Amino acid sequence: MASEPLLSVDKLSLSLSKKQKLLNEISFSLHQNEVLSLVGESGSGKSLTAASLLQLFPSPQIIVSGGSIHYKGKNLVTEAKKELREIRRHNMGYIPQNPMSALNPTLSIGFQLREVCTDESNLSPEKALELVSIPRPKELLNMYPHELSGGMQQRVLIAMNLLKKPEILIADEPTTALDVTVQAQILHLLQKIKNESNMSILFITHDLSIVNHFGDRVLIMNKGEIVESGKVQEVFTKPSHPYTQKLLEATYYEF
Amino acid sequence: MCILLFTIATLTFTFMKTIPGDPFQDEKNIPEECLKQLRQNFGLNDPLPIQYGRYIKNLFLFRLGPSLKYPSQTVNEIIGQNFLPSFLLGIEALCIALPLAFLFALLSSFFYRRPIDYLFKIIALLGISMPSFVIATLLQYIFAYRLSLFPIARFDTLSHSILPALTLAIGPMAILLRLIRAQILEVLNQPYILVAYSKGLSEQHIIFFHILKNVSLPIIHYLGPLITRILLGSFIVEKIFAIPGLGQWFVNGVLNRDYPLIGGLTLFYSMTLLFVHTGIDLLTMFLDPRIRKSVPA
Amino acid sequence: MFRRKYIHPEIAIGFVLLLLLASFAFLFPYLSNYTYEQTALSSKNLTPSFTHIFGTDDLGRDQAVRIAHGLQVSLLIGLLAAFLDLIIGVSIGSLSGYFGGLVDSILMSITELFYSIPFLLAVLLVVTLLGPGVYSILLAMCFFGWIQMARMSRIEVMRVKNSDAILAAHAIGIHPSRIFLFHIFPLISGSLITLLMQTIPHAIFIETFLSFLGIGIQPPLASLGSLVSDGLPAMRFYPHRLFYPSMVLSITIFAFQLISDGCRDLFDQKRLKSVEESSGI
C-alpha cells in the first residue's frame, strides 16, 4: 500500500442553499488498493459523501460550502465540467444501491454496456459479463433490465465498471437490496476484482458484519460528520467514540 | 372496439328518435300533404325496429344518407369534400404543439426553479386558462387586424393556416408542457440518470437516450386524448376563421338540427378517435420493451 | 394536513382573484345605474368611459353590468355542474372502490363506456337535442361529467381501503358506514378537492363554449361566452366588446387553475418526498 493517498478529502462541507449543513468538514483519504468502508445510519451523509466524489448531486440546491477534494493533482470541487466528465468516464466507477432502477428500462443491456466502452479498455461487453459470472452473456446483451433478477442486475452494473477499469470504485450499499446468498456472491466478486486490478473501493454500508469481513479501513459517520476512522480491527476492538460504541453494541456479532 | 361503435351508433339513434317532433317541423311553408309524403319517403312512418334496422344496415355499408338541410348531398359526400382542411389543420397544430412543448419542457426542467422555469410555468398556465375562442380572437385581432401579418380568415394559402393552427396548438401545447416537465423531473430523480452521468456520457447523449426516451412513453399515451382535443377544438377555430372544414359543418348541423348530418359526423369523429387511440396503443406496445416482451411473439 | 406555517402562494393568489371576481359579479350590478337588459340606442357602442366602465354594445346596453351578469351565470353554472359531478361521481366511484367485486365490474364497464365518448361531443349532442338553455346545459354536463370524479374516487378509496389506519378502525369495531364517512373520506378529500378545482373551470369552459356557439345561454340572459360571440363581428371597430369579456373569462379560469395547481402541490406533499428531504440520506 503506497503511503501517498490516491484521493484526499479535505474539510469538505456541503449545505442546502446556505441554510442547512449536510456535511460538516469531512476529511479522509483513500489509498490505492484498499477497501475503505463508510458506515452510518440513514441520514448520516454517507451517500452525499459518495455524491461529492462524483460531484453529482441529487438537487441543484445542494452546494459545496467549503473544503476540497484532491485527486490526481486536481481539486474536484473546482474542476470544470468537462474535466470532471473525463474523470468519471475513465477513473471513477459507481455502483448504486438499487440495481433495478439503476438501469434504463428502455434500453437493452448491451446498449448500456457499450455506452461505457472507452478506447483503452480491451474488454468487450460480452467478456465483461463473463468476468462477473453471468451465464450465456451473449443472450443477455439483447435483453432488457426488467427481465433480470436483482443479483444479475447488480452484476451487470459491476460489469459496467469493469469495462472502464477505474482507479476508484464507489459502491453505495450495493448489497442492501439483495438476498443474503446473493450478497455473499457479490461481495466475493468485488473482492476478486479488487485483487485482480488494484482498484480502491469506497464501500458504503450500514452492515457492520460486511465491514468486518471485507474492509481494510473504516469511517464511521453520524449526522454529517466523521466521528471515527481507522483500521477495521482497531476500531472494532477499541472504539474511541461513544457513537461507535453504541453501533457496535447494537449488533449481535462478536468482533 | 366494435361493441363501442355499435353502442355509440345505437345511442345516437335513440337520441335522435326520442326527441319529439321530426326534422321537418320547422318548415312552415310546405302544405300538409307534402309533409306527409316527405315523411313517407324518408321512412319516418315505419315502425321503429325497422327504422333501426335500416339505420344499422346503412351504417354498416357506410351509407350515411342525405343531409336534411342540403338534400342534394349525402353526408358521405359532405365528409369527403370537407374533411381535408380539418385534417391538415390538425396535423399542423400537432406539428407546432409537440416540438414546442418538448423544447419548453426541457428548458424549463434544466433551469429548474430559475426565472426561465417560472416564465414557462406562467405561459403554460395562460395557455390552459384561455379558451380557444379567446385565443383565436386575440390572435386574429393582434396579428391579422392590427399588425396585418397574416390574413384574417379563409384557407387559401399556407399563411392562412398559421393563425388557426397556432390557436389549435396553444391549449394542447400548454398541457403537454406541464406533463412533459413533470415527467422529466420524475425521470431526473431516477438512479439510472445518476449512473449515466457517472459513466461520463455527454449531456446530449443523456438527454436523448436516457431522459427523452423514458419521458416519451407516458407522453405518447397521452397523445390520444390530445388528438381528441385538437379534433374537437377545430369546431370553434373553423367557425372563427371561416375555414371550410368538417368542424364548421358540424356546428351548422347542430344549429340547424340536421340530424343525419349530426349523426353521421358524430359517428365519423368517434370512429376516427377510436382508430387513433388503438393506433397509439399499438405504438406504445411496440416501443416499450416492458410491454413488448410480455406479449407472446 | 392543514398544519402548514404558510399558505401556498398559488392558492392565496387564486383565492384573492376569485374573491375579487365574485364581488364584481354579484355586487357590481347593485352599484351600477344600469341593468343588463336596459337598452339605450342613443349610446350605442361607446368605448369605455367613466359612466360605462367597459363600454356599451350595439344596443346601448352597459357592458360592465352584462359582463358581471355573465360572470354570475358562468360561475353559478360551473360551480353547480362541478358539485353535481362531485356528488354523483364520488358516490358511484367510492362505492365501486369500497365493495369491489361484481359491483365494481359493472360500474367500471359503464364508466369505461362513457369515458370513450368525447365529453365535448356528447355535451354538444345532448344540448342540441334538448334545445338550448340553462337546464339542458346542466343536464348534459352532469350526465357525462361525473366520470372523472368516479374514477378518481374509486382509485383513492382502493388505495386507502387497505391502509393501516382503516384496518385499525375496522379492528376496533367501528361500524363500516362510520368508517366510510369519517375515516375514509378525510383521507381521500385532498385529491377530491384538487380534482374539483379542475372540474369547475372545465365546466365553465364548456358552458362558455356552448354559449359561444349559440346553443347555450339564450338572450337576453348573457353569459361570458355569448358576450364574446357578440363581440366577435364587431372586432374591427369596437374591440372593447371583445376584449373585456375575454379578459374576465380568462382571469376566472386562470384563478381556478392556480388554485388547483396549488392544491395539487399541497396534497401531494404527503406522498412525494420533496428533494430537500430525500437529499439528506
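Helices (H or I, at least four residues) and strands (E, at least two) are taken as DSSP runs and numbered from the N terminus. The structure is a predicted model, in which local features need pLDDT of at least 70 and side-chain atom pairs count only at pLDDT 80 or more, while totals for chains, interfaces and linings use all residues. Residues are numbered from 1 along each chain as its sequence is written, and chains are lettered from A and ligands numbered from 1 in the order in which they are written.

Chain A is divided into domain 1 (1–90 + 170–178 + 204–255) and domain 2 (92–165), with bounds that come from an automatic or database domain assignment. The centres of these two domains, taken over C-alpha atoms, are separated by 25 Å. Where the domains meet, 13 residues of domain 1 of chain A are in contact with 13 residues of domain 2 of chain A, contact being defined by C-beta atoms, placed from the backbone, that lie within 7 Å. On the domain 1 side, α2 (81–90) and β7 (168–172) of chain A each supply at least two residues, and α2(A) provides the largest share, four residues.

An open sheet of chain A contains six strands in the order β6-β7-β8-β3-β9-β10, with mixed pairing; two strands are said to pair if DSSP finds at least two bridges between them. Because β6 (92–95) and β10 (225–231) of chain A stand at the edges, each with a single partner strand, one side of each is left without a neighbour in the sheet. Neighbouring strands are turned by 15° against each other on average, direction ignored. Strand β9 (residues 217–222) of chain A pairs with β10(A) in the antiparallel sense over six bridges, and Val218(A) stands opposite Gly230(A) in β10(A).

Elsewhere, leaving aside neighbours within four places in sequence, Ala101(B) is in contact with Met173(B), Leu176(B), Leu177(B) and Ile180(B).

Key:
Two residues are in contact if their C-beta atoms, placed from the backbone, lie within 7 Å. Axes are lines fitted to C-alpha atoms, for helices over the stretch in contact, and angles run from 0 to 180 degrees between N-to-C directions.
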